[in-house]
Amino acid sequence: MINILVQEPLPRAEWLQEESWQAIVDHYGRLGSAIAANDRPLVVGSAKELVECVARVVLMAHGRVTGDKDEYDKVLSHAHTVVEHAADHGLPSNDPLRQIPNAAKKMASQLRELRNRFGTGHGRPVVHEITAEVVEACVHGALVWVRWALARLQTVLLGAIEPLVHDLREGIFSRGDLAARLAAANMPGLEEPEQRRLGVAVGQRSARETFNVRIEGIRACAENPESWPDAYRQGVVEGLFLNEDGQVEARPSISPDCAADVLQHHSAPERVLSDLRDVLSAASWSVLFQQEHPAVITAMREELPRLPGSGQQPWTDIINDLEARAFFGPR
């Protein structure tokens, strides 16, 4: 029976990026291969991994940054909230259109425990019997939520900004390109998640030393604050310190300076930096950051006087956290 389930293609949202879709396809294919081979531990492990992959794709599409070490339950819950609220903001909590997806989420949430007990990913000293009931529960629990979430994702992805975000990751920006496209996107008129998502993409591209993006997406934001919303500023700061894999990554000559620029006009810099601190503490360090973190920390200390008064303590807390982690060697 479950062989039939994995033969059906998963729904793909129109504007989902190719690399995100390929990640989902890879995990779905691995689940199908495990079922065909009757590799029951791998079926259990792959079912959980498929759900987590889809959840992270949903959050990425929504402009939410996650650390690569964030726990499964946290990632699943945040992703479920994103696609659930896309259905209808006015529905009461007891409406069947909310209750049914919530039940699917509860099924998916149990996959972590089943994977810990039966699935791959642990070098166990004993072999546990994995019954057909366990396998079927895992596959059904995963696919019910995954199919629902991917179908709902179409309403989360908005075509107006999707091509811009994609190009910020891979495209080429000549002088004036980003400024024109941000103006066309009508930044103040976008929903906050879209503003933040654009900010994350601009921050990450700027940290990769793309000069035109830094000038038109960050310096312009600092020079004309009335035209740039807070959610965009927060996204920029997050993108300056986290790469696309959810790892801590920052450039000493760019990230601290640019973050100080955009935070000067944020209405609540202490909240932005407190949220950033939480994400950084849950993320591993990229190889580049392991090499450059002393210079980044030095640059952050130099930028401290430019931070608004309410942001100076959380900025210092982030510096202290990074120094404390550095003391214990490779991350």
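Helix 3 (40–61) is the element that contributes most to the lining of the second largest pocket, with 5 residues, helices here being DSSP runs of H or I of at least four residues, numbered from the N terminus. The model is a predicted one, in which local features need pLDDT of at least 70 and side-chain atom pairs count only at pLDDT 80 or more, whereas totals for chains, interfaces and linings use all residues. Residues are numbered from 1 along each chain as its sequence is written, and side-chain values use heavy atoms, with hydrogens and water left out.

The second largest pocket is lined by 25 residues, among which Arg-56, Met-60, Glu-244, Asp-245 and Gly-246 lie nearest its centre. Two or more lining residues come from each of helix 2, helix 3, helix 8 and helix 10. By class, the lining comprises 10 nonpolar, 7 polar and 8 charged residues, where Ala, Val, Leu, Ile, Met, Phe, Trp, Tyr, Cys and Pro count as nonpolar, Asp, Glu, Lys and Arg as charged, and the others, Gly among them, as polar. A pocket is an open set of points on a 1 Å grid over the protein atoms alone, where a 1.4 Å probe fits, with protein on both sides within 12 Å along at least five of seven lines, and lining residues have an atom within 4 Å of a point.

Within helix 2 (residues 18–36) is found Ser-20, which is buried at a relative accessible area of 7%, the term denoting under 20% with a 1.4 Å probe and protein chains only. Leaving aside residues up to four places away in sequence, Ser-20 touches Val-57 and Met-60, contact meaning heavy atoms within 4.5 Å.

Methods: Buried < 20%, exposed > 50% of the residue type's maximum accessible area, 1.4 Å probe, protein only.
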